[in-house]
Amino acid sequence: CHRECLLSFSWYADLDEARQSVICEMCFNLGLARLKAFKKMLKAVEMGNFAIASQEMLTSKWAMQVGNRAKTLADAMKRGIV
C-alpha cells in the first residue's frame, strides 16, 4: 500500500510518518480506488489542512462502518501523532 500511495499521490512522500500511516492504512482497508473517492479529504491533506481532512474522514460512510478505528485515524491525521 505504501508503494501504491507513493505512486498515486505526489504529495504522499512529503507527509510525516503518522499521516502516511493513516493514508496507507485506509488504502489497505478500502483499496486504492475507494480511497481515491475521498476527494475532499485527499485535497485537504494535499493542502496541509489536516483538521479539515480529519473532519472529512469522520463524516464519511467509512467512519460509520469502522467506528472507533475511524476516530483513531482521524485524530492521527489531525495531530500527526500515531
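The model is predicted, so to speak: local features need pLDDT of at least 70, side-chain atom pairs count only at pLDDT 80 or more, and totals for chains, interfaces and linings use all residues. Residues are numbered from 1 along each chain as its sequence is written, and side-chain values use heavy atoms, with hydrogens and water left out.

**Exercise 1. Lys 43 and its surroundings**

Find out whether Lys 43 is buried, partly exposed or exposed, and how far its C-alpha atom is from that of Ala 53.

Step 1. Recall the classes: buried means under 20% relative accessible area, exposed over 50%, and partly exposed in between (1.4 Å probe, protein chains only).

Step 2. Lys 43 has a relative accessible area of 45%, so this residue is partly exposed.

Step 3. Ala 53 lies ten residues from Lys 43 along the chain, and their C-alpha atoms are separated by 7.9 Å.

**Exercise 2. Helix α4 against helix α5**

Work out how α4 and α5 are oriented to each other and which residues make the contact.

Step 1. Helices are DSSP runs (H or I, at least four residues), numbered from the N terminus. Axes are lines fitted to C-alpha atoms over the stretch in contact, and angles run from 0 to 180 degrees between N-to-C directions.

Step 2. The axes of α4 (residues 39-47) and α5 (residues 50-58) come within 8 Å and cross at roughly 165°.

Step 3. Angles under 35 degrees count as roughly parallel, over 145 as roughly antiparallel, 65 to 115 as roughly perpendicular and the rest as oblique. The two helices, α4 and α5, are therefore roughly antiparallel.

Step 4. On the α4 side, the contact (heavy atoms within 4.5 Å) is made by Lys 40, Met 41, Ala 44 and Val 45, and on the α5 side by Phe 50, Ile 52, Ala 53, Glu 56 and Met 57.

Step 5. Sorted by class, this contact of α4 with α5 has seven nonpolar, no polar and two charged residues. Here Ala, Val, Leu, Ile, Met, Phe, Trp, Tyr, Cys and Pro count as nonpolar, Asp, Glu, Lys and Arg as charged, and the others, Gly among them, as polar.

**Exercise 3. Helix α5 against helix α7**

Determine the packing angle of α5 and α7 and the classes of the residues in their contact.

Step 1. The axes of α5 and α7 are 8 Å apart, and the packing angle is about 170°.

Step 2. That makes α5 roughly antiparallel to α7.

Step 3. Among the contact residues are Phe 50, Ser 54 and Leu 58 of α5, with Ala 70, Leu 73 and Met 77 of α7.

Step 4. The contact of α5 with α7 divides into nine nonpolar, one polar and three charged residues.

**Exercise 4. Aromatic pairs**

Count the aromatic pairs and classify the pair of Phe 38 and Trp 62.

Step 1. Rings of Phe, Tyr and Trp (its six-membered ring) pair if their centres lie within 6.5 Å; planes under 30 degrees apart count as stacked, over 60 as edge-to-face and the rest as tilted. The count comes to two aromatic pairs.

Step 2. Phe 9 and Trp 11 are stacked, because their ring centres are 5.0 Å apart and their planes are at 25°.

Step 3. For Phe 38 and Trp 62, the centres are 6.1 Å apart and the planes at 85°, so the pair is edge-to-face.

Step 4. Phe 38 is buried at 13% relative accessibility, and Trp 62 is buried with a relative accessible area of 7%.
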